[in-house]
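Here are some notes for a colleague who is new to this entry. Please read them with the structure open.

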Amino acid sequence: MDRSQKTEAVAELNNVFKEVGVVVVTRNLGLSVAQSTELRTKMREAGASYKVAKNRLAKLALKDTDYAGIDEYLVGPTALAWSEDPVAAAKVAVDFAKSNDKLEIVGGSMGTQVLDEAGIRSLASMPSLDELRGTIVGLVNAPATKIARVVNEPAAKLARVFGAYGAKDAA
């Protein structure tokens, strides 16, 4: 990398750090190209990104952002995962690390809140933003469904009673 490419990489990472909701630092302990591609695909499907970045450049990009506290985790062969949804990147990274011992969760940050490995794992166990939206829609929709059922129930009871009398008279 020449100087201009490094400057572009730092600026790109700095913009990422200013826009995302969570950053997860992972340690690559010998992932193959196929495994790395699989992880990137899973991240992309979840709305997250995964990138191997030079530690020195990542530390420069962290300056003047909310994620400056994770620079202590940038030691050795690390990679960064991030997403706007505070749960997506953590969930994919932790799930992938469970099935692959060559990826280790080091830590991360959710805004100014620095998280260790246990913090990232507990964040990953939370429901995603889409799951929470679905739950809220279900909760909002449930009372309307119950009201419709209560309003229609007396008419249904009457119809069953009339149907029973009709069947009795026909017999």
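1. Charges. In this predicted model, the protein carries 22 positive and 21 negative side chains. The centres of these two sets are 2 Å apart.

2. Surface and burial. Of the 171 residues, 36% are buried, where buried means under 20% relative accessible area.

3. Elements. Six helices and five strands are present in the protein. Their order, starting at the N terminus, is α-β-α-β-α-β-α-β-β-α-α. The protein is more spread out than a compact globule, because its radius of gyration is 26 Å, well over the 16 Å that the globule rule gives for 171 residues. Taken along the principal axes, the box filled by the C-alpha atoms is roughly 95 × 35 × 30 Å.

4. Contacts along the chain. Among contacts in the protein with a separation of 6 or more, 78% are between residues 24 or more positions apart.

5. The largest nonpolar core. In soluble globular proteins, nonpolar side chains tend to be buried together. Here the largest nonpolar core has 23 residues. The members that touch the most other members are Val 24, Leu 39, Met 43, Tyr 50, Leu 103, Ile 105 and Ile 120. At least two residues of this core come from each of β1 (22–28), α2 (33–45), β2 (48–51), β3 (78–83), α4 (88–99), β4 (103–110) and α5. The most is given by α4, with seven residues.

6. Another core, of 20 residues, lies apart from the largest one. Val 10, Phe 17, Leu 62 and Ile 70 are among its residues.

7. Val 24. Which residues are in contact with Val 24, leaving aside its neighbours within four places in sequence? They are Ala 79, Leu 80, Ala 81, Ala 89, Ala 90, Ala 93, Ile 105, Gly 107, Gly 108 and Ile 120. Two residues in that list, Ile 105 and Ile 120, are also named among the core members that touch the most others.

8. Glu 117. This residue is found in helix α5, which covers residues 117–124. Is Glu 117 buried or partly exposed? Glu 117 is partly exposed, because its relative accessible area is 34% and the range for that class lies between 20% and 50%. With neighbours within four places in sequence left aside, Glu 117 is in contact with Ile 105, Val 106 and Gly 107. Glu 117 and Tyr 50 are 67 residues apart in sequence, and their C-alpha atoms are 17 Å apart in space.

How values were computed: Residues numbered from 1 in each chain as written. Predicted model: local features only at pLDDT ≥ 70, side-chain atom pairs only at ≥ 80, totals over all residues. Heavy atoms only, no water. Helix = DSSP H or I, 4+ residues; strand = E, 2+ residues; numbered from the N terminus. Rg over C-alpha atoms; globule rule 2.2 N^0.38 Å. Buried < 20%, exposed > 50% of the residue type's maximum accessible area, 1.4 Å probe, protein only. Contact = heavy atoms within 4.5 Å. Lys, Arg positive; Asp, Glu negative; His and termini not counted. Charge placed at Lys NZ, Arg CZ, Asp CG, Glu CD. Core = buried A, V, L, I, M, F, W, Y, C linked by side-chain atoms within 4.5 Å.
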